[in-house]
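Here is a short report on how two chains meet. A note on one annotated residue follows.

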Protein chains: 2
Amino acid sequence: MPYDQIAPPARLLMGPGPISADPRVLRAMSAQLVGQFDPAMTAYMGETMELFRAVFRTGNEQTFLVDGTARAAIEAALVSLCEPGDRVVVPVFGRFGQLLVEIAERVGAEVHQVQAPWGEIVPPERIEEVVARVQPVVVAVAHGDTSTTMCQPLQPLGEICARHGALFYADVTASLGGNPFEMDDWGVDVASAGLQKCLGGPPGSAPISLSGSAVRRVEGRRHVELGLRTDQDVPRGRRIASAYFDLAMIMDYWGKRGLNHHTEATTMLYGARECARLVVAEGIDAAIGRHRLHGAAMLAGVGGLGLETFGDAEHRMNNVVAVRIPDGVDGESVRRAMLADFGIEIGTSFGPLHGVVWRIGTMGYNARTDAVLTTLVALEAVLRVAGVAVVAGGGFGAAREVYDDAFAGSLS
Amino acid sequence: MPYDQIAPPARLLMGPGPISADPRVLRAMSAQLVGQFDPAMTAYMGETMELFRAVFRTGNEQTFLVDGTARAAIEAALVSLCEPGDRVVVPVFGRFGQLLVEIAERVGAEVHQVQAPWGEIVPPERIEEVVARVQPVVVAVAHGDTSTTMCQPLQPLGEICARHGALFYADVTASLGGNPFEMDDWGVDVASAGLQKCLGGPPGSAPISLSGSAVRRVEGRRHVELGLRTDQDVPRGRRIASAYFDLAMIMDYWGKRGLNHHTEATTMLYGARECARLVVAEGIDAAIGRHRLHGAAMLAGVGGLGLETFGDAEHRMNNVVAVRIPDGVDGESVRRAMLADFGIEIGTSFGPLHGVVWRIGTMGYNARTDAVLTTLVALEAVLRVAGVAVVAGGGFGAAREVYDDAFAGSLS
């Protein structure tokens, strides 16, 4: 045997995701397989749809999984909604807005960006200006962009899309379950996510939900694939440029017709169902409140150590904080020391923020008091060795205070 | 809690796949996550590449996973190799050849089919005739097509592609690990698979390997995505129409550059690595021999029951047999009874064979004596109730004889 069995080192993943999975999710994923059209399997698929409706806060019938990582569902949404030449408006305030541009361009869309400096959100009125001028088919935005930790308010964008007749796509991969999100109330037509952020699962399955308007758009491009189509399946509109990401076919697979598309990734489905089940059991509001609390504790903690944070404080995501790397400190060597001495992973960053900030996450299973406090005392130890004049006990103390206040508040 | 935790019914999956996963694979998948650029993770990625080189029988450096089900890797191969308008030749002898046509068409290729009746392979000389005339960029074929249980010999096709300067893509999803496959010796440029057939894992991860010629073709269309590209990343050729399936970017992610693309599906990677590790430990030839033995036992067993099989006996896959549904028998009610009374799943079929044959698999973890014999005695019981004049003990006896002969052979 050339290699040993899987035995990963113990890690506390406090980066921007993936984070340590909830052990209950891994347990669910250890269950044996059933056939893809077994009554037990189709029942699990139906339950998964129902559970994710609760998580997305939607009544959308078409709520299911795309078999791939989070960006698989982004591409499925854009390739199914957009034909080549269609106009798409993308507010860009970080790397994941850039990703939407990249995907939309490859789909052949004519992309119009509305940019904001990293660390800010894009003012809705600037977006409306462009939408009014361009009259796009789709407005696509990243809700929480972990590259800058900013959370773009979606409700105004929903209103803008409604006013101008555009479909509204939101990538909620990094925000869902940890920040308020109201798919129906905010007028979002398609939202997609991953499991590996606030939902506490591993990457590899991508929940997605489509409004009635989005379904009509996709159904207007329905071409059942060769070998499955019957005489009733009259092709409609321009064929979607991807077979794997054809949401019309994926809806046929998840729906009553049960038409074979891919072979559903059983184990990832077990995991996705358990992620949603745990959030629904906790209560969506309680889960968001937990992320708010532990995010606030981490923010206070890094402040208590004497570190500065990055970005517009008013529009921070609950679940990740960008910490400025102190002058003269090698950010990567601090990350390596955190990993080597404590088994704790904190994140680096992309593009203009690479080497400028660390990203520290508090999400999913790791949105916990012990995870936050352990990270802060470890960071204090490592930074002191790196020559930073940290406040002794300052991180722990400031975070502890947030918890004490929250506890006092819950008694009042 | 609206739903209970995952607790699937006990099943013995003897269809065309997915089949019951090897418990060791599920155990590997229950390991906790590490970060996507953790040294432990990149080491596991490197080991996974190495192990799958052994499984594919190749020295190809570019051997890695696509994060999705088997058809994700098919699409990644075709969208990365083919530009719109490129000519592609597809031998079609079942549903999975049709799938290649469907995917290649959506990619914008000009597809030329070479068809054979279901139950036969496509004669190589007919393929060469078309290749010589069309001069395609790519010849794409399903190696084993479970819809008909036929296994197309690939070596002659490799020679044809070499003679005419075409790249050779083979979908080995259903065959790999259970039937001989020699990627390098047979001149296959790109091969891709899934885990859920002979490799004994769950669906959701798709191993792929690219020859040097295929890599050059893909690298000729290299466009590093927005937000990651540097001044050195001069765009080349026509941009690949999918960001998720852009093999040039996926190679940058798995390679030394470690450029972020998707977030690798950690748990599926653990499973894929374990699938390959188990096959390599058993020995590729031994694993193929095991599939040959249990496939032969199942074939003899259904014959011993008095049932007829479908398709050209000379070109059968080792791991699945198509059994003709006896006249007057409702195939679906037999399948339901097998599931209800014994927890055993056997397969239905597609298209022209729907209602005509059952497909019974012997693959991966379920290529085992007890699985074969249990299926045969259960089938006897169910068929008798359905009014079929089965030979009492005939299935068990005939299969048992195959095992006895093999055992005697191993002593001689």
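Between chain B and chain A, 40 residue pairs are in polar contact, with both partners at pLDDT 80 or more. The model is predicted. The rule also finds 14 salt bridges across this interface. One salt bridge joins the side chains of A:Arg95 and B:Glu225, at 3.0 Å from N to O.

Five helices of chain B each give two or more residues to the side that touches chain A. They are listed here.

| Helix of chain B | Residues |
|---|---|
| helix 1 | 23–29 |
| helix 2 | 39–56 |
| helix 3 | 70–81 |
| helix 4 | 95–106 |
| helix 9 | 266–282 |

Helix 9 of chain B gives the most to this side, with nine residues. By residue type, the side of chain B that touches chain A divides into 43 nonpolar, 21 polar and 21 charged.

**Extent of the interface**

The contact takes 85 residues from chain B and 86 residues from chain A. The size of an interface is often given as the accessible area lost when the parts come together. Here, chain B and chain A bury about 7,100 Å² between them. Carbon and sulfur atoms carry 60% of that area. In chain B, the residues that lose the most area to chain A are B:Tyr3, B:Ile6 and B:Arg106. Together they make up 12% of what the chain B side buries.

**An annotated residue**

UniProt, in an unreviewed entry, places the feature "binding site" at A:Arg359. A:Arg359 lies in strand 13 of chain A, residues 357–361. Is A:Arg359 buried or exposed? A:Arg359 counts as buried because its relative accessible area is 5%, and the cut-off for buried is under 20%.

How values were computed:
Residues are numbered from 1 along each chain as its sequence is written. Chains are lettered from A and ligands numbered from 1 in the order in which they are written. This is a predicted model: local features need pLDDT of at least 70, side-chain atom pairs count only at pLDDT 80 or more; totals for chains, interfaces and linings use all residues. Side-chain values use heavy atoms; hydrogens and water are left out. UniProt positions are given in the numbering used here, feature names are shortened, and annotations may be inferred rather than shown by experiment. Helices (H or I, at least four residues) and strands (E, at least two) are DSSP runs, numbered from the N terminus. Buried means under 20% relative accessible area, exposed over 50%, partly exposed in between (1.4 Å probe, protein chains only). Contact means heavy atoms within 4.5 Å. Buried area is the accessible area (1.4 Å probe) that two parts lose on being put together, summed over both. A salt bridge is a side-chain nitrogen of Lys or Arg within 4 Å of a carboxyl oxygen of Asp or Glu. A polar contact is a pair of N or O atoms within 3.5 Å; within protein, one must be able to donate a hydrogen and the other to accept it, and residues adjacent in sequence count only if both atoms are side-chain atoms. Ala, Val, Leu, Ile, Met, Phe, Trp, Tyr, Cys and Pro count as nonpolar, Asp, Glu, Lys and Arg as charged, and the others, Gly among them, as polar.
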